[in-house]
Amino acid sequence: MKYILTGVTGFIGEEVLHQCRQNPSITSIIALTRRPLPEEISADPKVEVIIMKDFKTYTPEVLEKLKGADACIWSMGHVAAVPEVEIDYPLAFMNAFAPTVQKRFRYMHCSGRLAEKDQEKSLVFLQEGRRIKGTAELEVMAFEKKKELHNGLWESYIVKPSMVLKKEGQEGYLKWVGSFVIGGVYVDELAAAMIDIATNGSDMQIELNAEVVARGRKVLDAHKL
């Protein structure tokens, strides 16, 4: 399988890339990034790094390299929920890549628990950021229905994790904040869940934190056997 990854220099995307490299069913990884990756990764014959100067522009050369991909895991985001990053970048990718799709393609979007799709709902805190991420979710869901762009071959999925923690044993005191106050998911669980959905699909277009934890833990436990 051929996967497209974004956000690979970030906390979540870095773990997604690590697990994809270890997954024998994933034979080709296209990493879209603004800056070069460590030599250990870029030298991996399984990985092709494409340096993107502008995530709103996909040249014919870049699209040719993306052609034939089975899935995309979009882990790119911004702590301040900047509209250009949260909405414009994924939309630019979808609109540019969709016309090249000739087989079932799964787009896996990492959002957040607090993202709010209802743009009229009254929110107590982080109003703008939550609405921006919610708008991104709406666009991702709507794109699946634009069959004229992808002949109905596009599947969109969204995960909404709560606090994303370091791997078990590395989390420190934040484990307790995440687990008992707002809920949390270990980063390896989140990555495993996203890869599993991208590979096998899901009965649910949107998976919340508890569902992500359950799926991710099941995948990781299976790999230990």
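**Close-up 1. Helices H4 and H5 pack against each other.** In this predicted model, H4 (residues 83-97) and H5 (residues 127-144) pack at an angle of about 10°, with axes 8 Å apart. H4 is therefore roughly parallel to H5 (angles under 35 degrees count as such). Pro83, Glu86, Ile87, Leu91, Met94 and Asn95 of H4 meet H5 residues including Ile132, Lys133 and Phe143; contact means heavy atoms within 4.5 Å. The contact residues divide into 8 nonpolar, 2 polar and 3 charged.

**Close-up 2. The largest pocket.** Its volume is about 1000 Å³. A pocket is an open set of points on a 1 Å grid where a 1.4 Å probe fits, with protein on both sides within 12 Å along at least five of seven lines; lining residues have an atom within 4 Å of a point. The lining has 36 residues, and Ile12, Gly77, His78, Val79 and Lys133 lie nearest the centre. Helix H1 (11-22), strand S2 (28-33), H4, H5 and strand S7 (163-165) each give two or more residues.

**Close-up 3. The second largest pocket.** This one has a volume of about 270 Å³. Of its 16 lining residues, Gln19, Asn23, Ala192, Val219 and His223 lie nearest the centre. H8 gives the most, with 6 residues. By class, the lining has 5 nonpolar, 7 polar and 4 charged residues.

**Close-up 4. The loop at Thr57.** Thr57 sits between strand S3 (47-51) and helix H3 (60-66). Its C-alpha atom is separated from that of Ala92 by 7.0 Å.

Residues are numbered from 1 along each chain as its sequence is written. Local features need pLDDT of at least 70, side-chain atom pairs count only at pLDDT 80 or more, totals for chains, interfaces and linings use all residues, and side-chain values use heavy atoms, without hydrogens and water.

Note on methods
Helix = DSSP H or I, 4+ residues; strand = E, 2+ residues; numbered from the N terminus. Axes fitted to C-alpha atoms, helices over the stretch in contact; angles between N-to-C directions. Parallel < 35°, antiparallel > 145°, perpendicular 65-115°, else oblique. Nonpolar A, V, L, I, M, F, W, Y, C, P; charged D, E, K, R; others polar. Points joined across faces, edges and corners; volume = space filled by probe spheres on them.
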